[in-house]
Amino acid sequence: NSDINISLLYDVKMISAISIKTDLYVSPKYANKYEQYKCPECNKAVILCKGDIIKPYFRHKSDIQPCKYYDKTSESQIHKDAKELLRYWLQNGYSLSITRTCVDCNETETFEIPEMGTNSKIYVEYRFEYNGLKIADVCYLDEGDIVCIFEVYHTHKTESIKRPGMWFELNAETLIN
């Protein structure tokens, strides 16, 4: 079992929206005002609010029956958004460094996640065998071999016995914020 601190080159504040053009989750940090976005919960159009003073965020347009996705984010929304954000970073070559401390020996080790190659793929909800069927929140494969697995947690971590090799647990709120 280990605690993980994650270091990234970018600061992300809020929950993502889905790009109408690509059908992929996009963080407000990486979104632009020239594209259209929709809410992952209700599929209604959302507006990107992005300026020089306040950090970027998405909001719903005025509606008679407003969705609360951006106002009262649920635990499952945070979990899903964090997984999609991590997938986005990995697929788009962002530098990712993970430092974790072993709770058994108190040793600290830093891992540099390698950039994707031409035969690399990133999967969300990847199924694999390890002491029975497991599902990784995010899995990085190269030529079909697992490079590393990411478990995104919001309220509870997995047991160390259930984790193979390069398995990293990341806090969902830390990823988003």
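Me: Hi! Reading along the sequence, what pattern does the protein chain follow?
Reply: Hi! The protein chain follows the pattern β-β-β-β-β-β-α-β-β-β-β-β-β-α. Keep in mind that this is a predicted model.

Me: Okay, and how many helices and strands does the protein chain have?
Reply: There are two helices and twelve strands in the protein chain.

Me: How much of the protein chain is buried?
Reply: Of the 177 residues in the protein chain, 40% are buried.

Me: How many bridges join strand 5 to strand 6?
Reply: Four bridges join them, and the two strands run antiparallel. Strand 5 covers residues 45–49.

Me: Can you give me one pair to look for? Which residue in strand 6 is the bridge partner of Val46?
Reply: Look for His60, which is the bridge partner of Val46 in strand 6.

Me: Nice, found it. Now the sheet of four strands: what are its order and pairing?
Reply: This open sheet has the order 9-10-11-12, with mixed pairing. At its edges are strand 9 (120–129) and strand 12 (167–171), each pairing on one side only. From one strand to the next, the twist averages 35°.

Me: Do strands 11 and 12 run parallel or antiparallel?
Reply: Strand 11, residues 145–153, and strand 12 run parallel, and five bridges join them. As an example, Phe150 has Phe168 in strand 12 as its bridge partner.

Me: Switching topic, where does Ala82 lie?
Reply: Ala82 lies in helix 1, which spans residues 75–91.

Me: Why does Ala82 count as buried?
Reply: Because its relative accessibility is 0%, and buried means under 20%.

Me: So what does Ala82 touch, leaving out residues up to four places away in sequence?
Reply: Ala82 touches Val152, Ala172, Leu175 and Ile176.

Me: And how far apart are Ala82 and Glu173?
Reply: In sequence, Ala82 and Glu173 are 91 residues apart. In space they are 7.4 Å apart, C-alpha to C-alpha.

Me: That makes me curious about the protein chain as a whole. Of the contacts with a separation of 6 or more, what share comes from residues 24 or more positions apart?
Reply: Residues 24 or more positions apart account for 47% of those contacts.

Me: One more topic, backbone angles. What is the phi of Glu125?
Reply: Glu125 is not a glycine, yet it has a positive phi of about 60°. You'll find Glu125 in strand 9.

Me: Is Asn131 buried or exposed?
Reply: Asn131 counts as exposed, because its relative accessibility is 61%.

Technical notes
Residues numbered from 1 in each chain as written. Predicted model: local features only at pLDDT ≥ 70, side-chain atom pairs only at ≥ 80, totals over all residues. Heavy atoms only, no water. Buried < 20%, exposed > 50% of the residue type's maximum accessible area, 1.4 Å probe, protein only. Contact = heavy atoms within 4.5 Å. Pairing = 2+ DSSP bridges. Axes fitted to C-alpha atoms, helices over the stretch in contact; angles between N-to-C directions.
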